[in-house]
Amino acid sequence: LETLRPDASFAIRAPVAASQGELPPVPAGAETSRVKARCTTCHGIEYVTRQPRGRGAAWWTKTVDDMVDTHGADIPDTDRKALIAFLTRVNSADRKP
């Protein structure tokens, strides 16, 4: 089977709900650079802060696996755990906007 690679026409760009108000900034640092390198092929970096709060590591693991297995995201195993930890942390239920 041939893996289809997403392109700009396939990008997932969810609208921001009006009730969300202003989005918090994406934290700076090495992890953010990794997210930009691995995830912004299909998503804008602001997509990270659009996610509902409180989804745990198990949800993010399934999501990252789906991005790799279904959508062909280029996320090597060496980056996978760090990305999942970052996404879990920045979208924790207690993160302030």
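## A walk around helix α3

Start by selecting α1 and α3: these two helices pack at an angle of about 110°, and their axes are 10 Å apart. You are looking at a predicted model, so please read each stop with that in mind. An angle from 65 to 115 degrees counts as roughly perpendicular, and α1 and α3 are therefore roughly perpendicular to each other. The crossing in which α1 passes α3 is left-handed.

Now show the side chains where they meet. On the α1 side, pick E31, T32, R34, V35 and R38; on the α3 side, pick T78, D79, A82, L83, F86 and R89. Colour them by class and the contact of α1 with α3 splits into five charged, four nonpolar and two polar residues.

**Next stop: D79**

Keep α3 on screen and centre on D79, which is found in this helix. Is D79 buried or exposed? D79 has a relative accessible area of 12%, and under 20% counts as buried, so D79 is buried.

**Next stop: V35**

Move on to V35. Not counting residues up to four places away in sequence, V35 touches T40, I45, V48, L83 and F86.

**Last stop: α2 against α3**

Finally, show helix α2 (residues 57-69) with helix α3 (residues 77-90); their axes come within 9 Å and cross at roughly 130°. By that angle, α2 and α3 are therefore oblique to each other. The crossing of this pair is right-handed. To see the contact, select A57, W60, T61, V64 and D65 on α2, then R80, I84, L87 and T88 on α3. By class, the contact of α2 with α3 has five nonpolar residues, along with two polar and two charged ones.

Notes:
Residues are numbered from 1 along each chain as its sequence is written. This is a predicted model: local features need pLDDT of at least 70, side-chain atom pairs count only at pLDDT 80 or more; totals for chains, interfaces and linings use all residues. Side-chain values use heavy atoms; hydrogens and water are left out. Axes are lines fitted to C-alpha atoms, for helices over the stretch in contact, and angles run from 0 to 180 degrees between N-to-C directions. Helices (H or I, at least four residues) and strands (E, at least two) are DSSP runs, numbered from the N terminus. Angles under 35 degrees count as roughly parallel, over 145 as roughly antiparallel, 65 to 115 as roughly perpendicular and the rest as oblique. A crossing is left-handed if the near helix is turned anticlockwise from the far one by less than a right angle, and right-handed if clockwise. Contact means heavy atoms within 4.5 Å. Ala, Val, Leu, Ile, Met, Phe, Trp, Tyr, Cys and Pro count as nonpolar, Asp, Glu, Lys and Arg as charged, and the others, Gly among them, as polar. Buried means under 20% relative accessible area, exposed over 50%, partly exposed in between (1.4 Å probe, protein chains only).
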